[in-house]
Amino acid sequence: MQSRSGATVYDVCIVGSGAGGGMAAHALTKAGARVALLEAGQMWDPIKDGAMLKWPYDSPRRGASTREKPFGEFDGCIGGWQIDGEPYTTAPGTRFDWWRARMLGGRTNHWGRISLRFGPYDFTRKSRDGLGDDWPITYDDVKPWYDEVDRLVGIFGSAEGLPNEPDGIFHPPPVPRCFERLASNAAKKLGLTVIPSRLSIITKPHNGRAPCHYCGQCNRGCMTHSNFSSTGVLIPPAMKTGRLTLVADAMAREVTVGRDGLANGVSYIDKKTGRDTHLSARIVVLAASACETARLLLNSKSSTFPNGLANSSGTVGKYLTDTTGTDVAGFIPKMMDMPPHNEDGVGGMHIYMPWWLDNSKLDFPRGYHIETWGGRGLPGAGFMGGIHRYPKGGGYGASLKDDYRRYYGSTIGFSGRGEMIPNGDSYCEIDPNVVDQYGIPVLRFHWKWTDAEYNQVKHMQETFRAIIAEMGGQVFSPMPTKEQGYGIANGGAIIHELGGARMGNNPKTSVVNANCQAHDVKNLFVTDGSPFVSQADKNPTWTILALSMRTSDFIARQRKTGAL
Ligand SMILES: Cc1cc2nc3c(=O)[nH]c(=O)nc-3n(C[C@H](O)[C@H](O)[C@H](O)COP(=O)(O)OP(=O)(O)OC[C@H]3O[C@@H](n4cnc5c(N)ncnc54)[C@H](O)[C@@H]3O)c2cc1C
Ligand code: SF4
C-alpha cells in the first residue's frame, strides 16, 4: 500500500530487532502483517560473523577485551558501555552504566540465556508486602505466552514444582560439572535450594535447529542456532514470510503523529547517508530497549504531545530499575591438580539457586537468585584473574606454567541477582544540553540505591562467603564495608534495566495498558523491557519475549476486527 505521496505505508513499523522487536517481527509477519523493522545497528549473521570456533591464538590479542568489545574481542555483541558519537550523561552523584547493542538482534547475540519465568508472586508484590506496585496482569495471563515461547524457542530445565519459580516445557538439562557438584553440595548443606539451570539452549533437535554440541561459547553467537538469539531464531523465519522489510543502520529519532493524534510512522537517520528519512506505518511498535524507548518517546514532541509522546502521565522515563548484583570468587584447594577431564558444557551455568528464604525474618524485602561460575573453560587472555591471587602462585618460566596447570579449574564464583524496588530517585530524562552525533538529544540518568538493596547485597556477600568456606575454599577479596555499599554493582551494570514506560490500568500513573498499548495513542505499542512494573529477582528476557508475543497477538486481533 502507498501513501498519497507514493511512499510505502507498512502495516507495522518496529523499532529495534532485539528480544522484544525480533519477537514482534516474527509474530506479526506470521499473522499476515507487512512489517518494516528499523535497526540502529548493522546487519549480523551468527553463521558468517560469529567467532564460535575461534581459538585464542587465532588473534594476536588472544581474545582480550577492547573498548569496542569489553567482554572480549570474540564476544558476539557490537556495542558496549560507551558508543562513539552516542553519549549519555549522569546527574551529579549518580553512578549508572548503560550497555547498548548496535547490531541486528541487539543484546540477544551474546546474552547469558538464563531464561526464567516471573512467578505468580512477582506480578502482585505490592499486595504481598506493600512496596512498589502490582502489575495489571497476573501470572495466569502470561502463562500461555511463556508456554508458546518455550515451544518456539526451546529451553532446558527441570520440573521442580517450586511456588514462585514456575516450570516450563523443558528439554533435558545438562548434568552439573565438577565445580558445580561441589558448590551444590555445600549450598544444600547450608539450606539453599539448588536445581538444574534454565537456559534457552536446546539439547534435542528443535524446530529444524540442531541441538547444542557443548562448545561453551554461547556469548560469541551460536553458528548452529542451538541457543536463542533474535538473529538465529526469530528474524530468519520472519524473513521467509516475505513480509518483513529489514532496514539496518537506521537510527530512529522520533515517532511522528498525524493530525488525528495517532502515530503515522517513524523518522530515522539513515546512518550510511546521514539523511533524515521517514517511514510510514499504520501501527508503531517500540522495542529499542527500555531506556532507548523512553528516549524516543520523550524526543517525540509535537503540538499535540508537548511533553513527549504517550507521556500525559509524566511517567515516561520513571520507575526505572535494574537488578541488584554483587560477586564473590574464591579458590578451592580440593579442585587443584585435577587430572585433565572433560568439562564441556553449554556457555553458561548448569545449576541454579533460586531465592529460598522468608523475608519476614530478614532486613530487606524481596529476594535474589545465585549464579555459579568456574571450572575449566577455554583459557584466554586474563583467565584465572591473575595467578598471584593463588597461594604461592607466580614467578617465571616453567614454575609459572606449572602453577597455571595446578590451579587451572580451581576457581569458583557466585553472582547474586536480586530485586530492586522502584524509587523516585532512579529515572532517566532528556539532557537539555547534549545531543548525539545525529543531533538527537541524549538521556541523563539519575540513580539511588536504598537500604532495601544495600541490605540485600550484604546478605549475598555473606552467603557466598559461607558457601566458599563450606567448600573448604579461600575467598579472594575481603568483605566489602557498608561505606563500599557492600560491593553493590552500579545501577545499570547488571544490564537488566527495566521500566520507563510502565504498564497499568490508570493512565495518570502509567504509560501503557495491560496490552502494552499506549494509553494516549492507540496505535502505539511497546514490546521491550520498558512496560515492566517491577523487576523480580528473575532475569527479564523470557518475560520480554512472552509479553512481546502477547502484545503482537493483541495487535493481530485488533487488525482483524478493524480496530487498528
Ligand atoms: C552480557 C549480557 C548478558 C545478559 N544475560 C541475560 C540473561 O542471562 N538472561 C536475561 O534474561 N537477560 C540477560 N541480559 C539482558 C538481555 O540481553 C536483555 O534483557 C534483552 O536483550 C532486552 O531486549 P530488548 O529487545 O529490550 O533490547 P535489545 O536486545 O538491546 O535490542 C534493542 C535493539 O534496538 C536497537 N535500537 C536502539 N535504539 C534504537 C533506535 N533509536 N533506532 C533503531 N534501533 C534502535 C538496538 O540497536 C538493539 O539492536 C543480558 C545482557 C547482556 C548484555
Ligand atoms: S554451547 Fe551450545 S548453544 Fe552455546 S554456542 Fe556452543 S553449541 Fe551453541
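In this predicted model, a backbone N or O atom of Arg113 lies 3.3 Å from an oxygen atom of ligand 1. Taken on its own, ligand 1 has 1,000 Å² of accessible area, and the protein covers 95% of it.

**Surroundings of ligand 1**
- Around ligand 1 there are 36 residues, and the closest of them are Glu39, Arg107, Gly112, Ala252 and Thr541.

**Surroundings of ligand 2**
- Ligand 2 is surrounded by 15 residues, of which Cys212, Cys215, Gly216, Cys218 and Cys222 are the closest.
- When the shell around ligand 2 is sorted by class, eight residues are nonpolar and seven are polar, while no charged residues are found there.
- The largest cavity is the space that ligand 2 takes up.

**Cysteines and burial**
- Cys212 has a relative accessible area of 15%, and because buried means under 20%, Cys212 is counted as buried.
- Cys218 falls under the cut-off of 20% as well, and is therefore also buried, with a relative accessible area of 9%.
- A disulfide is a covalent bond that joins the sulfur atoms of two cysteines.
- The count of disulfides in this model comes to zero, although Cys212, Cys215, Cys218 and Cys222 are among the residues closest to ligand 2.

Key: Residues numbered from 1 in each chain as written. Chains lettered and ligands numbered in written order. Predicted model: local features only at pLDDT ≥ 70, side-chain atom pairs only at ≥ 80, totals over all residues. Heavy atoms only, no water. Near = heavy atom within 4 Å. 1 Å grid on protein atoms, 1.4 Å probe; cavity = no way out; pocket = protein on both sides within 12 Å on 5 of 7 lines; lining within 4 Å. Sits in = over half its atoms within 2 Å of the grid points. Nonpolar A, V, L, I, M, F, W, Y, C, P; charged D, E, K, R; others polar. Disulfide = S-S within 2.5 Å. Buried < 20%, exposed > 50% of the residue type's maximum accessible area, 1.4 Å probe, protein only. Polar contact = N/O pair within 3.5 Å; in protein donor to acceptor, adjacent residues only side chain to side chain. Areas by Shrake-Rupley, 256 points an atom, 1.4 Å probe, with all protein chains shown as cover.
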